[in-house]
Amino acid sequence: MSPGRAAGPVAQLAGAIPAPDAAERLPAEADVEAAAAQVAEHATKVADTLNASAAAAHGEAAEILATTAQMAADPTLVTAAQAKVRDERKTPALAVWEAANGVADQLSALGGYMAERARDVRDVRDRIVAGLQGLPMPGIPQLEEPFVLVALDLAPADTALLDPARVRAIVTAEGGPTSHTAILARSLGIPAVVGAAGAVETLEDGRLVLVDGAAGTAVLDPSPEEVAAAEALAAQVRTFDGHGRTSDGHHVQLLANVGEPAGAAKAAEAGAEGVGLFRTEFCFLDRAEEPSIAEQVKEYRKVLSAFPGKKVVVRTLDAGADKPMPFLTDTAEPNPALGVRGLRTSWRNPRILDHQLIAIAEAASAESAEVWVMAPMVATVEDAEDFVAACAKHGLETAGVMVEVPSAALMSGPILARAAFASIGTNDLTQYTMAADRLLGSLASLSDSFQPAVLRMIDATCRGGDQQGRPVGVCGEAAADPAMAVVLVGLGVSSLSMSPRSLPDVAAVLAATSLERCRELAQLALGADSAEHARALVRGQLPVLDELGL
């Protein structure tokens, strides 16, 4: 979900491209080579359009668009389609359709992250086929007036092209709280309800609908008073003064998640007290080999320079699972989310981690930011010991761990006897605690950090940190949820890291809530029987959420 309220006319995502007739064949007099060339031509056009959009975008949106563009330009897909044209005389549109479906089916069979990529392949398929058949390009409607976008689900490329000036709110029938749709909607400040079964059938084009992202509701034909109230809330402009605190003055560091250098400047402009999660993967993605140390230093300094004298937590390379890298990870792993990812990649290839730590140390010495370093996918005390030692070898004294695996939460005391801090990645911690793929829409109800089991994992981590006198932060999507932020602070979390756009909302709710109240609400949530119960208990005790439209 993405909090906020907005009303507007429904506009459904442009209809799916119909499958070409399976009996379509080129006429006898057709130029087969010219037909095969059309496949490559239109694939290139789609790739060029997506690349142009990626160049104009930033952060995760740019990454998503660039990845989808690569799929459109993938010679495997084009070659397979051209073979169907040449060998079976199938029309270019049918050949692309069948070739793409074959690739998508293979990805779906692999499960996990690779199954999620099948949607991207079908999105590329639809775009190429639309071009070949002269049909309108699928995607977000191009309307003059702002609207509420309704869809079965959004392809990542569509999500990355969302414009808050045109799209007032989003409702999808599929997806979960950590899907691309939900995450990017939050980063753009667009209210969204995901996983709303029956939305496409119920919310018809043109009907007025009021979307409440926090409550997870979409109400048809709201009254003028309800619409006016939503518009008044949407018109409120909140800012963050750069100092997170509860109503009684307890300091809670409010930090930003940064995925590439351009995002650092935006985070600083938003008032972030520092960076709680600097994702370094942008340096390594879409490459055949690791970047040089000099390249890494140059890019890391761009982020560090935006926060002179402030904390920047650098996460070492989180390769694997949803970020496969051919020079480091095995893309054929049957279950990559439970495979060799994060810190585990250094077991068989320590050189890349060593090079990255050299680069981080050089960048840190050249800038004045307070640099902390943490490793992803730490599961054991030995993992923590090895990583801290590797950091110390390069003069990086503030070395910590990410808590994404239940074993790390349960062993947080011994782990934090070695590491300087812990940062909880709630997206993965929820996935692994609930045994629910966070990219799978059908399991969206389990992918909820309000799940009591997840709250208990967070509580265990904070108790381990307290035992050792070590700070524990949160850098997952849960930190951007104002109601959850209160619970996290009540459990003992000392810093929250989120998208810059979420900072003012989280700051406003914390500023209206005392530390003692945070602790009371945390205990209420811990004692709940379900995520729905926990959320209702907390929200029911925080009237400020309704006052702010959150």
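Mentor: A residue counts as buried under 20% relative accessible area, as exposed over 50%, and as partly exposed in between, with a 1.4 Å probe and protein chains only. The model is predicted, so local features need pLDDT of at least 70 and side-chain atom pairs pLDDT 80 or more, while totals for chains, interfaces and linings use all residues. Residues are numbered from 1 along each chain as its sequence is written, and side-chain values use heavy atoms, without hydrogens and water.

With those words in hand, begin with Arg89, which is partly exposed because its relative accessibility is 28%. Arg89 sits in the loop that joins helix H3 (75-88) to helix H4 (92-110), where helices are DSSP runs of H or I with at least four residues and strands are runs of E with at least two, numbered from the N terminus. The phi angle of Arg89 is near 55°, a positive value in a residue other than glycine. Ala435, likewise no glycine, has a positive phi of about 50° and belongs to the loop between helix H17 (426-434) and helix H18 (452-468). Ala435 is exposed, because its relative accessible area is 68%.

The axes of H18 and H19 come within 9 Å and cross at roughly 35°, the axes being lines fitted to C-alpha atoms, for helices over the stretch in contact, with angles from 0 to 180 degrees between N-to-C directions. On the H18 side the contact (heavy atoms within 4.5 Å) is made by Leu455, Ile458, Asp459 and Cys462, which meet Met484, Val487, Leu488 and Leu491 of H19. By class, these residues divide into seven nonpolar, no polar and one charged.

Helix H19 (residues 482-491) also packs against helix H20 (residues 503-511), at an angle of about 55° and with the axes 9 Å apart. H19 and H20 are therefore oblique to each other, the class left over when angles under 35 degrees count as roughly parallel, over 145 as roughly antiparallel and 65 to 115 as roughly perpendicular. In this second contact, Pro482, Ala485, Val486 and Val489 of H19 face Asp505, Val506, Val509 and Leu510 of H20.

Now turn to the strands. Eight of them close into a barrel in the order S7-S8-S9-S10-S11-S12-S13-S14, with parallel pairing, and neighbouring strands of this sheet are turned by 30° against each other on average, direction ignored. Ala375 stands opposite Val401 in S11. Helix H13 (residues 350-366) packs on the sheet, touching strand S9 (311-315) and S10, and its direction makes about 165° with that of S10. Helix H14 (residues 381-393) packs on the sheet as well, touching S10 and S11, with its direction at about 145° to that of S11.

Asp126 lies in helix H5 (residues 112-133) and counts as buried because its relative accessibility is 12%; leaving aside residues up to four places away in sequence, Asp126 touches Ile17, Trp97 and Pro138. Glu144, in the loop between H5 and strand S2 (147-151), is exposed, because its relative accessible area is 80%. Glu144 and Arg166 are 22 residues apart in sequence and, C-alpha to C-alpha, 8.1 Å apart in space.

Conventions
Two strands pair if DSSP finds at least two bridges between them. Ala, Val, Leu, Ile, Met, Phe, Trp, Tyr, Cys and Pro count as nonpolar, Asp, Glu, Lys and Arg as charged, and the others, Gly among them, as polar.
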